[in-house]
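Dear colleague,

Please find the structure below, together with its sequence. My notes on it follow.

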Amino acid sequence: MFCRGYKNEDYKKLKKFWEEHNWNAVPEALLPITGIVCVNNSDDVLLGAVWIYAIDAVPVGWMEWLVTNPNNTPRESLKVINELLEQVLVLSEMLDLKFLMTSVNKTSLVKLYGKHNFEPTDQDVTNMMRVL
């Protein structure tokens, strides 16, 4: 497995991942260029992706839209998520971020992110978005 930057041509496959997980697909216009995609070495199959939102005004980034290939085994998805989190930290350092925030709603992800030194902040929160 190797990770690389997100490319616009990745979107169609990633859209299917969200849909196959029974999630609403993230609109392509919402995805920043600061995305990371993990790919299988041998056949270039996408294994998972995540994005970081960052602005110059403050050293805070927001990690969002993590998705894995629904055809991964649970063990493969765990490996992919761990690698994506490590790559997010590298990208965050390159972006000179001092804080990285995210939202999760699964206990298993809270534990996994904790192993990567994320700490809980707000709890029992509903994330909301308005399309303009």
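Predicted model: local features only at pLDDT ≥ 70, side-chain atom pairs only at ≥ 80, totals over all residues.

Which residues are exposed on the other side of α2? They are Arg75, Lys79, Glu93 and Met94, where exposed means over 50% relative accessible area, buried under 20%, and partly exposed in between (1.4 Å probe, protein chains only).

Residues are numbered from 1 along each chain as its sequence is written, and side-chain values use heavy atoms, with hydrogens and water left out.

Overall fold

The chain contains 3 helices and 5 strands, in the order β-α-β-β-β-α-β-α along the sequence. Helices (H or I, at least four residues) and strands (E, at least two) are DSSP runs, numbered from the N terminus. For 132 residues, a compact globule would have a radius of gyration near 14 Å, and the chain agrees at 14 Å. That radius is taken over C-alpha atoms, and the globule rule is 2.2 Å times the number of residues to the power 0.38. The C-alpha trace spans about 40 × 35 × 30 Å along its principal axes, and 35% of the 132 residues count as buried.

Helix α2

Helix α2 covers residues 74–94. Buried in α2 are Ser77, Val80, Ile81, Leu84, Leu85, Val88, Leu91 and Ser92. Seen down the helix axis, these buried residues fall within an arc of 140 degrees, so they line one face of α2. The arc is that of the directions from the helix axis to the C-beta atoms. An α-helix has 3.6 residues a turn, so residues three or four places apart point the same way.

The buried residues of α2 pack against β2 (35–39), β3 (46–54), β4 (60–68), β5 (99–101) and α3 (107–115), a contact being heavy atoms within 4.5 Å. After the helix comes Asp96, with a positive phi near 60 degrees.

Nonpolar cores

A nonpolar core is a set of buried Ala, Val, Leu, Ile, Met, Phe, Trp, Tyr and Cys residues joined through side-chain atoms within 4.5 Å. The largest one has 19 residues, and Val50, Met63, Ile81, Leu84, Leu85, Val88 and Tyr113 have the most contacts inside it. At least two residues of this core come from each of β2, β3, β4, α2 and α3, with α2 giving the largest share, 6 residues. Leaving aside residues up to four places away in sequence, Val88 touches Ile36, Val50, Ile52, Met63 and Leu100. A second, separate core has 13 residues, including Leu14, Phe17, Val37 and Leu46.

Disulfide

A search of the whole structure gives 1 disulfide, defined as a pair of cysteine sulfur atoms within 2.5 Å. Cys3 and Cys38 form this bond, with their sulfur atoms 2.2 Å apart. Cys3 belongs to strand β1 (residues 2–5) and Cys38 to strand β2, so the pair ties together parts 35 residues apart in sequence. The S-S torsion of Cys3 and Cys38 is about 55 degrees, so the disulfide is right-handed. Cys3 counts as partly exposed at 22% relative accessibility, whereas Cys38 is buried at 0%.

With kind regards

Definitions and conventions:
Expected span 1.5 Å × (residues − 1).
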